[in-house]
Amino acid sequence: MRSKRSMRGIAVSGVAVMMLAGSLWAQSPPPAEAATGASPRPDQPQAVTREPTQAPAKPAPTPVPTPLPVPTPAKPAAASASASAFPATTRALPLSSAAPAIDAGQAAPASTGTALPTRASPVPSKVPAKTPVVADTDAAAIAVKAAPAKPAAANKPAQPVAAAAANANAPASFAPLPPPLPEAIADDVDPAPVAQATAVAGYPVETSLARDNEASSEILVEPGAVAPIPMLSAPDLEAYVDGLVPLAIARGGLAGAVVVVVRDGQVLLAKGYGYADVEKRKPMDAARTLVRPGSISKLFVWTAAMQLVEQGKLDLDADVNRYLDFKIRDYAGQPATMRQLMTHSAGFEESAKHLFAADESRLLPLDRYLKQVQPERVYAPGKVPAYSNYGAALAAYVVQRISKQAFDDYIEANVLVPLRMRQSSFRQPLPKGLAGDMAKSYSSADGAPIPFELVNPAPAGSLSATGLDMARFMIAQLDERGAGATTILQPHSLQTLHAAASRPIPGLDAMALGFFRRDTRGPVVIGHGGATEAFQSNLVLLPAHGLGLFVSADGPGSAGRALHRDLIKGVIQRYFPVRGAQQPTLPTARLHAEQLVGRYENSRASSSNFLAIARLLGSAKIGVNDDDTLSVSAFRTPDGRPKRWREVEPYVWREVGGDSLLAAKLVGNEVIAVSSDDVPAAMWLQPVPDWRSPGWMLPLLCLVLAVQALALLLWPVAALVRRHFQRPLVLAERDRRLRLLSFLGLIGNLVLVLLWLWIITRIDASVRMLDGALDPWIRVAQLLGLASMATAVVAVLNARAVWRSSPQRLRRVCAIAVAAACVAMVWYVLALRTLSWSLVY
């Protein structure tokens, strides 16, 4: 062990070592988060604070290549840090009912400004800072003046967020440019270079916010002592993000990403990484580049609904039919309410038809969409959480009907314009003034961009916005005390919107009014995820800390989800760590675990149409391990292994080696639901009924198909054998016809299965296929399904004829096996809901 004198010598020679060492803390096992990025250069000045008497900031310490590992902080708490991001939710439900397995993002080195080995190496990240305009104090204004970028210096880190203000000797408050029209942008705003942080007029960028996690640079960490929590400042945050995002872009084949962090009404970080247009080498710019936040759009719908509640025009607990010009079907006489729409508990099954339009000509007006694709209500209202895009779009239509304005017009007049979100829009296609700044949409690594995505339930996912505009929205949502210059909701309305509205499973997270809420471990986090084919986004707010974070990644879905998962988890654990108390495993662990064993399916699913096939292919399995822990196939570690869970409270399990929770809901001794805080409270896993359990349906289906395929193969073989031995098959004319019809029916059955598999794979490849392009093929498959019933009848008659006329035991067994396979085929046609007069799915 080193002496205290030697430790002081180390402190004198490099205090930065201890500051960066304080940014890491050990967990058991350690969390999968990226390492701290490089610190700012010593010659870079820090941003001045808003106090006029503030002395100039001191130069930052010399960067240290690798921080030293330090022990875990000993601050006790009830639960461990809040971790993962909220799942993306705009797209139609994938075939798997579980959250997809995502490759882990490992610790990333600090950004050095060198070229990245991504799709096409991005331009160097080191560029001159933008020069802000200095004038009056309109804190809500939106304007950024950019100077032309100069050639970047190689192998140097990007300039910190606040460097622009310090270099220009400007105060922390910047003046606005004259506000342009809502559909236009300022022509003299140049795109920010890659990885360049942006200072925002009216939202000064602070470098030293340390409200409740202050740390002193003079702290000496003795072996075994508690490491200091790093101070949440712009330079430290930027260095951390720089160390994670570029590597995630390179590793995952992403085109680019935008990261925005706000705190206490100010922008701490607003930065673009990678490219908005790979071919043209156009960099991502947090101030100018538009991205598609997907289902984060729903937060604007819920905000609009609360505005009408404030005005006394909307009752959250009234039948929504009161506000509509068409009728939403009841469930056993129970209507749907706005509160149920906001908590995703109105009972709707998954609705996928026309979710994305194939082209502009197929975009539907909101009212026509809602009337045309109304899904069945398959759950009792207020009882089962089942995430619904249709429900969110219906809520927006209620806003439209009450306000007597198109939803796009209402949201612009009452949210976007008041918040000066001039470069954001729900309109599709985008207005000409914004279309040129829209990032290209890349759905796969190294692939060509796909067209601008068109969402038919537009309010549920059609928003296009810049990172800085999302910062303004986050600041408004965090203003629960009404201290901001511009408010879109009264403080009590914001508090109601963010508070727990329902808790489907005791012991797990709650659902707020439209916001996903994490409140069972770590700091309370609310937010929403969003996904389109090309963009994976997440928005999280920590109201108690005044912190908001928005990230949007352009590229392959798994890589984008991994990026925002690791980034959000890392930021929360870095600056707001909470060490949970160790809980022993209960002696009832095996007994309670065995109650959960079985097959489960996602409550967010279709059950009245052919998309019920997804339930068969995407069920989850729960089993008990030898050490009395549970394994749930739906919940996996970042490297793809099923998580293991040990019981720490009655019917509450904690992840082994992690901090996630899993719990079960019981009625009496019957398990009715299982879920984890890895997914939001807008859905859960529920037991699959035995009569359609994949545990026997999938093996039987394979056997049925094997019997029919083998029969088809043996038919010509048997004919060749008889011909070789000159032993013709002697059959009566009726028996010959039955045999031939059976042969043709078996061909039809195999074509039916192959056609449905093709349809499902096409849908899984692109949700735009659900816009009606596959409807003719669906009708063909349904006709083949009807034909399978006739095939079953013929096969049974043929088996009867063979049994009566042929003394050969083998022929009898084969005929009976074929008849049984054909009858089973009819069961699958009916059980999987493939026959329907309607093409609403």
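**Close-up views of a predicted model**

**View 1. The largest nonpolar core.** Among the 86 residues of the largest nonpolar core, those touching the most other members are F300, L314, L370, Y390, L394 and L539. Helix α8 (residues 389-403) supplies the largest share of this core, 10 residues. A nonpolar core is a set of buried Ala, Val, Leu, Ile, Met, Phe, Trp, Tyr and Cys residues joined through side-chain atoms within 4.5 Å; buried means under 20% relative accessible area (1.4 Å probe, protein chains only). Helices (H or I, at least four residues) and strands (E, at least two) are DSSP runs, numbered from the N terminus. The model is predicted: local features need pLDDT of at least 70, side-chain atom pairs count only at pLDDT 80 or more, and totals for chains, interfaces and linings use all residues. Residues are numbered from 1 along each chain as its sequence is written, and side-chain values use heavy atoms, with hydrogens and water left out.

**View 2. Surroundings of L314.** Beyond its neighbours within four places in sequence, L314 is in contact (heavy atoms within 4.5 Å) with A305, L308, V309, Y323, M338, V398 and I402. Another core, of 33 residues, lies apart from the largest one and includes M769, M825, Y828 and L839.

**View 3. The loop residue P457.** P457 sits in the loop between β7 (454-455) and β8 (465-466). P457 counts as buried because its relative accessibility is 0%. Residues up to four places away in sequence not counted, P457 touches H354, L355, Y369 and A393.

**View 4. The buried face of helix α12.** In helix α12 (residues 491-498), the buried residues are S493, L494, L497 and H498. Seen down the axis of α12, they fall within an arc of 125°, so they line one face of the helix; the arc is that of the directions from the helix axis to the C-beta atoms.

Methods
Buried means under 20% relative accessible area, exposed over 50%, partly exposed in between (1.4 Å probe, protein chains only).
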